[in-house]
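I opened a structure that was new to me and kept short notes as I went. The sequence and the model come first.

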Amino acid sequence: MYWLGLDIGTGGSRALLVDDEPAHLEAMQALVERQGFATRTATSLEGARRALEEENFDLLITDLQLPDGTSLDLLPLMEQRPAMDLVLVTGHASVDTAVRAMRGGATDYLTKPIDVRRLEKVLAHVQRAARLRGQVGALREELRGLGRF
């Protein structure tokens with residue numbers, strides 16, 4: 001997409017997927033990639049932290065219960081990444097964890113087995129939001145280049 005000769009395109013969205021169940025992680029990765037995301041996976045809380053330190057992601061989809069803790073421990077990292085959406089997935093849903101997740105900035109809270117249509121809607125929303133953030137950034141740069149009136 002172009003505006004004033006500037007490419008403000010659709011850029012590839014990136015997702016970090018975290019789950020300690022290999023079959024679930026593989027299925028989720030296939031679905032997320034089919035929706036146009038580049039993915040990276042982790043199987044633990046520590047692996048997720050490492051990935052978040054190394055790369056920027058548009059989306060983090062993580063199982064609530066991980067071998068080395070709960071993904072709610074990642075919520076403080078979300079404050080440093082306001083543009084990243086967080087989706088928590090759990091087979092052990094509770095009102096308490098759902099409230100904590102949503103108050104901590106989670107975009108959605110899904111239960112296993114995952115409702116594929118609902119996840120696809122979340123993915124489409126994340127891609128749209130990432131595209132708009134990219135466009136706003138590009139437009140800001142263009143306006144800076146034009147100078148102030």
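Entry one, the whole chain. I noted that the model is predicted. I looked up the secondary structure and found five helices and nine strands. Reading from the N terminus, I wrote down the order as β-β-β-α-β-α-β-β-β-α-β-α-β-α. For the extent, I took the C-alpha trace, which spans about 55 × 30 × 25 Å along its principal axes. The protein has 149 residues, and 41% of them count as buried.

I asked which residues of α2 are buried. I listed Leu 45, Gly 47, Ala 48, Ala 51 and Leu 52. I then looked down the axis of α2: these buried residues fall within an arc of 160 degrees, so they line one face of the helix. As a reminder to myself, an α-helix has 3.6 residues a turn, so residues three or four places apart point the same way. On the face of α2 turned away from the buried side, I found the exposed residues Glu 53 and Glu 54.

I placed Glu 46 in helix α2, which covers residues 45-54.

Entry four, the patch. I looked for charge on the surface and found a patch of negative charge where Glu 46, Glu 53, Asp 68 and Asp 73 gather.

Conventions. Residues are numbered from 1 along each chain as its sequence is written. This is a predicted model: local features need pLDDT of at least 70, side-chain atom pairs count only at pLDDT 80 or more; totals for chains, interfaces and linings use all residues. Side-chain values use heavy atoms; hydrogens and water are left out. Patches are made of residues with over 30% relative accessible area and no salt bridge: like charges are joined within 9 Å, nonpolar side chains (Val, Leu, Ile, Met, Phe, Trp, Tyr) within 5 Å. Accessible areas come from the Shrake-Rupley method with a 1.4 Å probe; for residues, only the protein chains shown count as cover. A salt bridge is a side-chain nitrogen of Lys or Arg within 4 Å of a carboxyl oxygen of Asp or Glu. Lys and Arg count as positive and Asp and Glu as negative; His and the chain ends are not counted. The place of a charge is taken as NZ of Lys, CZ of Arg, CG of Asp or CD of Glu. Helices (H or I, at least four residues) and strands (E, at least two) are DSSP runs, numbered from the N terminus. Buried means under 20% relative accessible area, exposed over 50%, partly exposed in between (1.4 Å probe, protein chains only). The arc is that of the directions from the helix axis to the C-beta atoms.
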